[in-house]
Amino acid sequence: MNVYTIFNQPSQFTIGSGKQIAPLAESFVFIVDNKNNILLLNNQVPTYSKIDKSIINSTTLFLFGYINDVACYCCFDDNLQSNNNLAIQNIKASYQMFSLEYFQASLLANHIVYWLRTHKFCGLCGNTNHFSNKELSLKCTSCNNTTYPSIAPCVIGLIYNEDKILLAKNNNNTNNVYSCIAGFVNPGESLERALEREVHEEVGLKIKNIRYISSQQWPFPHSLMMGFIAEYDSGEIKVDYNELSDARWFKLNELDQINLPSEISIANHLIKHYILCNDNKQ
Ligand SMILES: [Zn+2]
């Protein structure tokens with residue numbers, strides 16, 4: 001099984017070191033809003049020479065990576081405006097239209113922009129943060145406090161019981177999608193304990209044989225998803241309706257009758273991984 005999710009597949013996109021240099025005419029500018037959208041010019045990520053500077057004047061460009069050695073900058077604008085040439089594109093959906101390196105760069109732009117907009121000021125003294133220019137961090141202009149990009153660890157697990165897998169519908173999900181159980185890791189928890197707790201809280205089951213499969217960033221706005229497969233141990237499904245609207249066991253041949261998670265999600269990767277392992281056993 002391919003260990004790479006779509007987010008992690010090798011591509012021509014590389015993550016920047018935090019070192020900042022002035023943009024060149026051909027540099028890419030990823031202009032992102034607070035709703036996971038990106039601004040496109042003629043359906044492409046605009047270059048610095050092509051973008052109307054009034055759009056980026058009110059913010060600061062941050063160099064966050066490279067596509068084929070061309071620098072990629074991000075900045076934010078919560079009032080993106082479309083016109084004949086400019087279009088507002090949802091980043092998750094851009095997977096359908098972008099080549100992999102532009103999609104991956106858009107994801108990181110979304111994460112970095114969220115970090116920059118939520119850390120304008122030092123958490124210790126309240127003075128202004130500025131780019132460290134040495135690494136991917138911010139430095140306080142007054143007390144020199146360093147702030148690194150925030151990443152929220154989150155576990156997600158595909159639970160199986162003999163020939164069935166457990167999938168659940170989240171209350172926030174409007175597309176009727178059945179997915180894996182997931183939740184944020186609490187301070188003091190290992191990833192395995194976090195998954196045990198989440199599964200018990202959300203569906204009342206105990207699990208065993210927890211195996212790590214793979215991870216991926218989920219920059220909406222800043223999660224790191226760590227994916228596991230685990231075996232049912234004991235208990236009856238008791239749905240926590242504060243979190244979920246439904247949870248049940250599905251046989252693999254029933255999966256084509258429900259909406260599965262988007263192929264860019266690690267949940268989709270876990271389900272495919274399980275199906276493939278199951279095929280190999282037969
Ligand atoms: Zn400070």
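The structure is a predicted model, in which local features need pLDDT of at least 70 and side-chain atom pairs count only at pLDDT 80 or more, while totals for chains, interfaces and linings use all residues. Residues are numbered from 1 along each chain as its sequence is written, and side-chain values use heavy atoms, with hydrogens and water left out.

**Zinc site**
- Cys122 (SG), Cys125 (SG), Cys140 (SG) and Cys143 (SG) coordinate the zinc ion at 2.3 to 2.4 Å (donors are N, O and S atoms within 2.8 Å of the metal, or 3.2 Å for Na, K and Ca).
- The site is tetrahedral, with angles of 98 to 117° among the four donor atoms (four donors count as tetrahedral if all angles lie between 85 and 135 degrees).
- Along the chain, the donors follow the spacing C-x2-C-x14-C-x2-C.
- Cysteine 122, in the loop between helix H2 (100-118) and S7, and cysteine 143, in the loop between S8 and S9, are 21 residues apart and link distant parts of the chain (helices are DSSP runs of H or I with at least four residues, strands runs of E with at least two).

- Cysteine 122 counts as buried, at 5% relative accessibility (buried means under 20% relative accessible area, exposed over 50%, partly exposed in between, with a 1.4 Å probe and protein chains only).
- Cysteine 143 is partly exposed, its relative accessible area being 35%.

**Sheet**
- Three strands form an open sheet in the order S7-S8-S9, with antiparallel pairing (two strands pair if DSSP finds at least two bridges between them).
- Strands S7 (129-131) and S9 (146-147) each have a single partner strand, so one side of each is left without a neighbour in the sheet.
- S7 and strand S8 (residues 138-140) run antiparallel and are joined by three bridges.
- Histidine 130 stands opposite lysine 139 in S8.

Note on methods
Tetrahedral: all angles 85-135°; square planar, octahedral: opposite > 155°, others 65-115°.
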